[in-house]
Amino acid sequence: MGSILGIETHDTPAYDIIARPTAESLYTLEIWKLHPHFSALVPFNKTELNSAFRALGEYIGVVGDKPKNSANEDIAMMVPILVQDFVNPLDNIKLENNTIHNADFLMEFFIPNVYNNITEVPRPLPNQTIHLLASETSILAVSKFSGLIRGITERKYQMALRNLKRDLKEIFGHESDIDSAPHSLAVYNPPWTLPWFRHNEVWIKIDHFLSIEEINKTISNHSMHQFNLV
């Protein structure tokens with residue numbers, strides 16, 4: 001019942017909020033510091049969204065009779081699930097063994113923080129197109145929106161992305177960097193959650209052109225006290 005109403009019970013990757021809007025702010029975006037983490041990714045094409053989810057679900061053991069990984073080990077489901085461009089992902093991803101995929105998108109599941117090293121994470125089976133990734137700390141601009149959405153080509157996501165880019169440009173400048181910055185759809189709820197209770201986010205990676213020092217300085221000097229530094 002709780003998941004229908006958007007109540008979230010899964011763990012999320014570790015992050016700190018660097019800045020959030022004040023109650024009087026005209027903006028809704030937050031700036032996050034996402035901590036190092038492991039994840040599992042699968043490339044997929046436009047018509048393969050369900051297949052990508054099923055492959056990752058089988059790998060961690062939430063789909064099927066038993067987990068399909070080298071340890072036959074259940075891996076706890078985490079949120080959000082990320083969907084991003086294959087050609088311009090959030091991380092500078094180099095897939096294992098230099099594998100080349102004819103794919104449009106990547107789906108990413110976060111791996112719980114119970115493994116000390118990527119080599120400890122259960123491996124996908126040889127016939128799976130799943131890749132494991134160890135990511136370093138990253139700085140993200142994050143904006144929340146609701147509604148049922150299945151991919152980054154949908155109008156609702158594109159509008160949220162456009163609004164977030166507009167706000168970032170107003171605050172920080174860096175127009176060309178923001179236009180080309182990697183972005184991702186983050187989905188927190190299962191398909192049966194009612195649309196108006198759904199928690200979705202746009203993530204834009206900004207640390208390749210903005211340092212934390214520049215972010216703090218810009219936000220501290222921003223007019224009308226639009227943000228609180230956390």
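This is a predicted model: local features need pLDDT of at least 70, side-chain atom pairs count only at pLDDT 80 or more; totals for chains, interfaces and linings use all residues.
1. Strand β8, which spans residues 183-187, is mostly covered, since five of its five residues are buried. His-183, Leu-185 and Val-187 point one way from the strand, whereas Ser-184 and Ala-186 point the other way, and all of them are buried. In a regular strand the side chains alternate between the two faces of the sheet.

2. Two partners of β8 deserve attention when the strand is viewed in the structure. Strand β4 (residues 81-85) pairs with β8 in the antiparallel sense over four bridges, and within this pairing Leu-82 has Ala-186 of β8 as its bridge partner. Strand β9 (residues 200-205) also pairs with β8 in the antiparallel sense, here over five bridges, and the bridge partner of His-183 in β9 is Ile-204.

3. The loop between α1 (49-60) and β4 contains Pro-80, and the peptide bond that joins Val-79 to Pro-80 is cis, with an omega of about 5 degrees. Asn-72 lies in the loop between α1 and β4 as well, and although Asn-72 is not a glycine, its phi is positive, at about 50 degrees. Asn-72 is exposed, because its relative accessible area of 54% lies over the 50% cut-off.

4. A positive phi is also found at His-174, where the value is near 55 degrees in a residue other than glycine. His-174 sits in the loop between α2 (155-172) and α3 (175-180), and with a relative accessible area of 26% His-174 is classed as partly exposed.

5. The count of aromatic pairs in the model comes to seven. One of them is formed by Trp-32 and Trp-203, which are edge-to-face, with 5.7 Å centre to centre and 65 degrees between the planes. This pair links distant parts of the chain, given that Trp-32 belongs to strand β2 (residues 30-34) and Trp-203 to strand β9, 171 residues apart. Both Trp-32 and Trp-203 are buried.

6. Trp-203 also pairs with Phe-110: the ring centres are 6.2 Å apart and the planes lie at 45 degrees, so the pair is tilted. Because Phe-110 lies in strand β5 (residues 105-111) and Trp-203 in strand β9, the pair ties together parts that are 93 residues apart in sequence. Both Phe-110 and Trp-203 are buried.

7. Which residues do the ring pairs link into a cluster? They are Tyr-15, Trp-32, Phe-110 and Trp-203.

Note on methods: Residues are numbered from 1 along each chain as its sequence is written. Side-chain values use heavy atoms; hydrogens and water are left out. Buried means under 20% relative accessible area, exposed over 50%, partly exposed in between (1.4 Å probe, protein chains only). Helices (H or I, at least four residues) and strands (E, at least two) are DSSP runs, numbered from the N terminus. Two strands pair if DSSP finds at least two bridges between them. Rings of Phe, Tyr and Trp (its six-membered ring) pair if their centres lie within 6.5 Å; planes under 30 degrees apart count as stacked, over 60 as edge-to-face and the rest as tilted.
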